[in-house]
Amino acid sequence: MNNIDINYIKQTINKKYGLSFSEEKDDFLRNSIKKFFHGSGFNDVNKYVDYSILLNDDQKIIDKLTTNFTLFYREEHHFIYLINALKRVKEKIKIWSAGCSTGEEVYSIAISIHDLCRVNNIKYKILGSDINCRVVNLAKKNQYTYDDIKNIYKKYNKFIIKNQDNFSFSEEITKNIDFKIINLKYGWNFNHKVDVIFCRNVSIYFDVISREELWQRMSQTLLLGGELYIGHSERIHNPEQYGLKMFGINAYRKIT
Ligand SMILES: C[S@@+](CC[C@H](N)C(=O)[O-])C[C@H]1O[C@@H](n2cnc3c(N)ncnc32)[C@H](O)[C@@H]1O
């Protein structure tokens, strides 16, 4: 095997996904690429990187390099903001969970608003998206362990079906949800704007420029008055440049 050019690999990953890695991750990256390279049929490791990262056969690498940790009702304050946002809506609300991992965020959104929407005759649609096919498939599969759901089971059990060895959300919840693969580094083709975006704990892996481009595009995807929620360790610097104004904990409203 020829030498791995770690800077080339980092640049390639950054170009495609916006992800940036400090030097501390060099060994981890080198070892991961080595592992995938063996058995790939390539004899030049940098060509393998071109092939696997640039030509889209890259799910193994994405899976290895991204962190998918998530929880039901993670950073709960955003679900309170969401309910307030819902009170301002008349007929329908569209919500996007961008970087939704295995779906906990998406189902938490749905069970928070379902009853309020029904009582007030409001239609809702939730899109969950992630770059990682494996986690999107798990989200679609809608199967969680008792450990996953134990904190919400008591309050929301009317929406949760107990199967033989797992738990899933009922059809009245899932019928309002779609999942898609979307790479947030690049644009997305929505034919409508949305009322609320959850994009939490995703931009932490992005370099500064990719992050700024992300906020710009997120803002363009929001309806006027729409809201963007980001994760506890994320910040939008000078949000006004994107037409956003901070109104709560890691929460921004589209003002222009
Ligand atoms: C730590 S999880 C956060 C899940 C959830 N939003 C939460 O806060 O609990 C981060 C997710 O971002 C996704 N991700 C990372 N880079 C991405 C990109 N360029 N485009 C889309 N999703 C990305 C990862 O695959 C991962 O599932």
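I took a salt bridge as a side-chain nitrogen of Lys or Arg within 4 Å of a carboxyl oxygen of Asp or Glu. The model is predicted, so I kept local features at pLDDT of at least 70 and side-chain atom pairs at pLDDT 80 or more, while totals for chains, interfaces and linings use all residues. Residues are numbered from 1 along each chain as its sequence is written, and side-chain values use heavy atoms, with hydrogens and water left out.

Entry 1. I counted nine salt bridges by this rule.

Entry 2. I looked up glutamate 105 and found its side chain in a salt bridge with that of arginine 200, at 2.9 Å from N to O. Glutamate 105 is in helix H6 (residues 104-119) and arginine 200 is in the loop between strand E6 (194-199) and helix H10 (208-221), so the pair ties together parts 95 residues apart in sequence. Helices (H or I, at least four residues) and strands (E, at least two) are DSSP runs, numbered from the N terminus. For burial I used relative accessible area: buried is under 20%, exposed over 50%, partly exposed in between (1.4 Å probe, protein chains only). Glutamate 105 is buried at 5%, and arginine 200 is buried at 4%.

Entry 3. I then checked aspartate 147 and lysine 150, whose side chains form a salt bridge at 3.4 Å, N to O. Both residues lie in helix H8 (residues 146-156), three residues apart, about one turn of the helix. Aspartate 147 is exposed at 55%, and lysine 150 is partly exposed at 40%.

Entry 4. I noted a network of salt bridges linking Arg88, Glu227 and Arg253.
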